[in-house]
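Let's take a friendly walk through a protein model. Have the structure open beside you as you read.

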Amino acid sequence: KNSAKAMEKELVTCSLQEKEKIAIDRSQIFQIPQRKDLETKVIVVLGKAGMGKSILIQKICQDWSNGEFSQFEFVFWFDCKQISLPEKQYSLKELLLEFFVKPQEGSKEIFEYMLQNPDKVLLIFDGFKGLHDHENFPRCSASQPEKDSCSIKELLSGLIQKKILNGCTLLFTARPKDKLYQYMSKVDKTIEIVGFSPQQRELYITKYFEESLYCDCALKLIKECEYLFSHCYSPVMCRFVCFLCEAMLEMGEKSLPSTLTEVFLKFFQQKIMFLQTDVTTTQNQENLATLARVAWCLGEKHQSAMKSDLIPSKEVKEFALKYGFFLPFAFPKHSDSEEEEFGCTFSDFVIQNFLCALHLLLAEELKDKNLTKYLSFLSKKKKPYNWLDLMPRFVAGLMFLQDDPCFRSLSNEDEKQSTKKQKTLLKYIRRLQINTLCPERLLELLCCVYETQNNYLLQHVALRLEPKLSFLGIALTPPDVHVLHSILKRSRKEFSLDLRNSSIDMQGLQALVSLRNVTSFRASLSDTVRLWKSLEQTKDYELLKASTEKFVLDPFKAKTMKDISDLSDLVEMQEKMMNCAQEASGCTSYEIPAIRNLRKLEFALGPACGLQGLLKLVKILAAFPSLQHLDLDALSENGIGDEGAKSLSEVFPTLTSLETLNLSQNKITDLGAENLAAALPSLSSLKTLSLYNNNICDSGAENLAKVLPAMTSLRVLDVQYNKITGVGAQQLTDSLRKCPQMKNLVMWNPTIPYGVLEHLHQLDSRISV
């Protein structure tokens, strides 16, 4: 229990929604600014399965071997699938100098040199799951961790905790999740690989078919199937689509499958049928069914590798290796007398996902009703099979492809069974309360239904979508956007979309915004402005005007300097559009509705950037004519001080609609209060003013008291928790008598004697005690 509590203290939760989109070069990966100490550096490269994390690692190793990254004398690269089997234990020396590479001589001296010069060692762990598996991540308890054998989890724990090889550089690759649970103070650097842009997809496909007979028509064929082209944002999917496209063209086909399930059904058929020689179809079907069971058993444990001697039969192992479904690897020997052990790992995460789905369809022990529990849009709290994230989509797709000749060639299931399974899924989705699903599960449901390509199901889901659809904080990939777009198009309803923090790309945003039945949307301000600039450059003024009219900004919360910059860009965009409108029709009054309708603006940049951000914000505040609520109170305290208060007061005359101004907890003193007081009467609509928890004394209170009668719209003034004494309190009370419109004056201060405040309250009940 005590060790578990200690572990909790070391965990830091990092939200991936706070990330910024900045492209970096490979040479910048190991650059960590403001880091001068000699402690272990931890870098994490995130990316969904198939995004190219392992390829990036290979390139880093290749660059190092060619003289780059010269700060490292030793680079070790480990595939976590291979080293993390539960029954295996290693010491650091065994892991580095036996598993990775075994020097012919001098291994003891090399190891000692590394221990003395850890800053020259780079350790890469590809496919690390410890970022999310924090609950079962043990502390390193070995007395001599460099030399004692322990589990890989303990070894990695010791490295991250700086108990082992302190001063080295650790590079982990992992799949992204909503939250990262990280050891120590923080991971020093987090990078995410987001996949190919549409232009990069085209380049990859062109290069793939560069020397092929089909180089002219392949790209056109793939782009015609928009859903498959959207999946090509993932490098591994792009490779599969290209392989299948080549095979289809060789067979004289003129179109590609319409779903991912069909792609992999045809991929498996092509692999097995094309290379089939001396093995009968029945044997192939049996081997495939056994391999699918192995995939499922490993997948349930979040594993994709196993020892070779645990594979059910020699035939299955040879079958999997022959057709490229398995890749072999060797385990390190602890001593020269030991026999060498081998293992196998699935060659690709998609292949394992597809085989798991195939197992669920073919397994005789699984009843039809049980199949639906493996779909991840269940209304339970936890997503049950998130490690096999493509598996539910394949299950749904295969249910409606069991009459397909490709499926028949891979299995011997009878037609009655397949019809029964289809009916089970139809019945299940008909009963599903779609409006109760959280955004993540709703998206999963849409993707599963799309894979069925069943018109009834697609229409059923489209008609039951809620008019307000929020995907706030849910990563929307290009295929997700394609599915969402195609299903929204089927509905007769009008929709309002919230796409903030969804990492949606510009093409996806444009596609959704251009739908006629999407009448309003919220999205990242920077993404929206980027889209508008692109539309302006391509002279697509019709869509530009339509999308500006649909965009919603209210309420807006600025949390970073980038948010303020984006808001400035939005105002600048309006000026540009005004100029365009003037040139086109002589009209000078065009306003972006989102700017015109912004009523509440929250400012929460914190003490580090608070003043700097406010000075930038005040330059554009006049552009928001309907602003009613300006809130500069933040939990982390913005600390705008007197300089910020003075700067803000200078724009008060332009804020004619402002009703609520919250300047609480901003380190404002009497000087700031004096500047504010001089300008406050110009806020002709102000009803509530809060100066709670500042540093205002009697002089500041006196200045506020002088202008209170002139603030004819003010109803509530809060000056609690300042440094006002009984003198200042009396001045405010005297002024309050001249303000019949005022409803409440909140001025409890630790520096006002309670008896004085009580007396003032008896004189005027509007004063809160």
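Predicted model: local features only at pLDDT ≥ 70, side-chain atom pairs only at ≥ 80, totals over all residues.

One of its cysteines, Cys-609, is partly exposed, because its relative accessible area is 25%, which falls between the 20% limit for buried and the 50% limit for exposed. Cys-447, on the other hand, counts as buried because its relative accessibility is 1%.

A disulfide is a covalent bond between the sulfur atoms of two cysteines. How many disulfides does a search of the whole structure find? The count is 0. Take Cys-447 to see why: the closest cysteine sulfur belongs to Cys-448 and lies 7.1 Å away, so the two are too far apart for a bond. To count as a disulfide, the sulfur atoms would have to be within 2.5 Å.

## An open sheet

Now look for an open sheet made of 8 strands. With parallel pairing, its strands follow the order β16-β17-β18-β19-β20-β21-β22-β23. At the edges are β16 (556–558) and β23 (767–768), each of which pairs on one side only.

## A threonine in a loop

Finally, find Thr-40 in the loop that runs between β1 (12–15) and β2 (41–46). Is Thr-40 buried or exposed? Thr-40 counts as buried, because its relative accessibility is 0%.

Methods
Residues numbered from 1 in each chain as written. Heavy atoms only, no water. Buried < 20%, exposed > 50% of the residue type's maximum accessible area, 1.4 Å probe, protein only. Pairing = 2+ DSSP bridges. Helix = DSSP H or I, 4+ residues; strand = E, 2+ residues; numbered from the N terminus.
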